[in-house]
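Student: I have a model open and I'd like to learn how to read it. Can we go through it feature by feature?

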Amino acid sequence: MGLSSHLRLDTRRIRDDAFVSVEGYVDLTTFAAVASALDAARVGATVLVLDLSEVGFMDTSGLRLVISEQQRAETDGYRFVVVPGTGRVQRLFEIAGFPNGHPLFADPSTEPAGG
């Protein structure tokens, strides 16, 4: 589902697990679209996976989105995990204090298959 030349979003559901896959940029211009996709996917989910493996660029607005979703998950009782993506995106997380082994991150090979 294309939204712009800088962003593609794909959402899918496997039972109670919701997946939002992002391709392109997560920045101030695409922040609202990604947030909206997460909002829609979260409804009824016990696990919400944000897959950033195809994101080539993410700025601090994307980081803010991830932190907000993590806080919402802690409050509302669902599990939120992130497939962290490229070295540039991973570096942003590291600078923010999220090391590679942080529980927020999921290895895509350990997540449910499908879609």
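This is a predicted model: local features need pLDDT of at least 70, side-chain atom pairs count only at pLDDT 80 or more; totals for chains, interfaces and linings use all residues.

Student: How many salt bridges does the structure hold?

Tutor: Six. Asp39 and Arg42 form a salt bridge, with their closest N and O atoms 2.7 Å apart. Glu69 and Arg72 make a salt bridge too, at 3.8 Å from N to O; the cut-off for calling one is 4 Å.

Student: Where do Glu69 and Arg72 lie, and how far apart are they?

Tutor: The general idea comes from helix geometry. An α-helix has 3.6 residues a turn, so residues three or four places apart point the same way. Here, Glu69 and Arg72 are both in helix α2, three residues apart, which is about one turn of the helix. In helix α1, Asp39 and Arg42 are likewise three residues apart, so about one helical turn separates them.

Student: What about a salt bridge between strands? Which residue does Glu23 meet?

Tutor: Arg8: the two side chains form a salt bridge at 3.7 Å, N to O. Glu23 belongs to strand β3 and Arg8 to strand β2 (residues 7-14), so this pair ties together parts 15 residues apart in sequence. Glu23 is partly exposed, with a relative accessible area of 39%, and Arg8 is partly exposed as well, at 44%.

Student: Now the strands. Do β3 and β4 run parallel or antiparallel?

Tutor: To read a pairing, look at the direction of the two strands and at the bridges that join them. Strand β3 (residues 17-26) and strand β4 (residues 47-58) run parallel, joined by nine bridges. For a place to look on screen, Val26 stands opposite Met58 in β4. Getting from β3 to β4, the chain passes through helix α1 (residues 31-42), and this β-α-β crossover is right-handed.

Student: And how many bridges join β4 to β5?

Tutor: Five, and those two strands run parallel, with β5 spanning residues 79-83. Val49 has Val81 in β5 as its bridge partner. From β4 the chain crosses through helix α2 (residues 60-76) to β5, in a β-α-β crossover that is right-handed.

Student: Last one: how do I read the sides of a helix? Which residues are buried in α3?

Tutor: Find the buried residues, then see how they sit around the axis. In helix α3 (residues 87-95), the buried ones include Val89, Gln90, Leu92 and Phe93. They cover an arc of only 150° around the axis, which puts them on the same side of α3.

Student: What covers that buried side, and what does the other face carry?

Tutor: The cover over α3's buried residues includes β4, α2 and β5. The face turned away from the buried side carries the exposed residues Gly87, Arg88 and Ile95. Then step just past α3 and check the backbone: Gly97 takes a positive phi of about 95°.

Key:
Residues are numbered from 1 along each chain as its sequence is written. Side-chain values use heavy atoms; hydrogens and water are left out. Two strands pair if DSSP finds at least two bridges between them. Helices (H or I, at least four residues) and strands (E, at least two) are DSSP runs, numbered from the N terminus. A crossover is right-handed if, with the strands pointing away from the viewer, the path from the first strand over the helix to the second runs clockwise. Buried means under 20% relative accessible area, exposed over 50%, partly exposed in between (1.4 Å probe, protein chains only). The arc is that of the directions from the helix axis to the C-beta atoms. Contact means heavy atoms within 4.5 Å.
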